[in-house]
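Okay, thanks for coming, everyone. Let me put the chain up on the screen and then talk you through it.

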Amino acid sequence: MESRLRVQGHPIQPMLVTFPFGLFVSATVFDLADVAGGPAFLGEVGYWTSVAALVAAALAAVAGMVDLWDVRASRTRRTMVTFNLVNAGMAALFLLTCLVRADAPQRGATGVLLLTELVALAVGTVGVRLGARLMRQFDPGRREPSGFDALDGVPAGGSTVEIVRPRA
């Protein structure tokens, strides 16, 4: 199975999923520092980091839906649907915390909101595991070069972005 959206042969959605997950982790760290008694601006930074992560999650979800478009009913399709639902669940929990904090004057986190974010990250960890499984299913024979070997084969014009129709 191949992804429809690729950059130099690599599926785009798994690359995009790393941004919201990393931003959600960062937001949780900022909120943890805020709840632990750090400066009040850390809660504000955590809030806006969550908002940025939600935007990135929406972009990753669009790429996931494009990839899901042509996949026939199979184990891979079930894994893709589960992967997208798990990531949507994580984003929904963070959206809930953002909505609760949106009207607050400082937008700082509370203990309950921090616990909700930790649960969301636990859900997201399941998504990471499913994403790794999908990568193995997308291209089981690919071995990634490491070090300077990774630079071989890069086209002279730079990176290429492809939108292709998967082979039957």
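Two bits of housekeeping. This is a predicted model, where local features need pLDDT of at least 70, side-chain atom pairs count only at pLDDT 80 or more, and totals for chains, interfaces and linings use all residues. Residues are numbered from 1 along each chain as its sequence is written, and side-chain values use heavy atoms, with hydrogens and water left out.

So, the layout. The chain has four helices and three strands, and from the N terminus the order is β-β-α-α-α-α-β. Those elements are DSSP runs numbered from the N terminus, with helices being H or I of at least four residues and strands E of at least two. Of the 168 residues, 35% count as buried; buried is under 20% relative accessible area, exposed is over 50%, and partly exposed is in between, using a 1.4 Å probe and protein chains only. Now take the contacts between residues at least 6 apart in sequence: 77% of them join residues at least 24 apart. Contact here means heavy atoms within 4.5 Å.

On to the helices. How do α1 and α2 pack? Their angle is about 160 degrees and their axes are 8 Å apart. The axes are lines fitted to C-alpha atoms, for helices over the stretch in contact, and angles run from 0 to 180 degrees between N-to-C directions. That makes α1 and α2 roughly antiparallel, given that over 145 degrees counts as roughly antiparallel, under 35 as roughly parallel, 65 to 115 as roughly perpendicular and the rest as oblique. The α1 and α2 crossing is left-handed, meaning that the near helix is turned anticlockwise from the far one by less than a right angle; clockwise would be right-handed. The residues of the α1 contact with α2 split into 20 nonpolar, seven polar and three charged. In that count Ala, Val, Leu, Ile, Met, Phe, Trp, Tyr, Cys and Pro are nonpolar, Asp, Glu, Lys and Arg are charged, and the others, Gly among them, are polar.

Next pair: α2 and α3 pack at about 155 degrees with axes 9 Å apart, so α2 is roughly antiparallel to α3. The α2 and α3 crossing is left-handed, and the residues in contact are 12 nonpolar, five polar and three charged.

Now the cores. A nonpolar core is a set of buried Ala, Val, Leu, Ile, Met, Phe, Trp, Tyr and Cys residues joined through side-chain atoms within 4.5 Å. The largest has 12 residues, including Phe-21, Phe-24, Tyr-47, Leu-54, Met-90 and Phe-94. Which elements give it two or more residues? They are α1 (12–35), α2 (41–68), α3 (75–101) and α4 (111–138). A second, separate core of nine residues includes Val-17, Val-71, Met-80 and Phe-83.

Last, single residues. Leaving aside residues up to four places away in sequence, Ala-91 touches Phe-24, Leu-54 and Ala-57.
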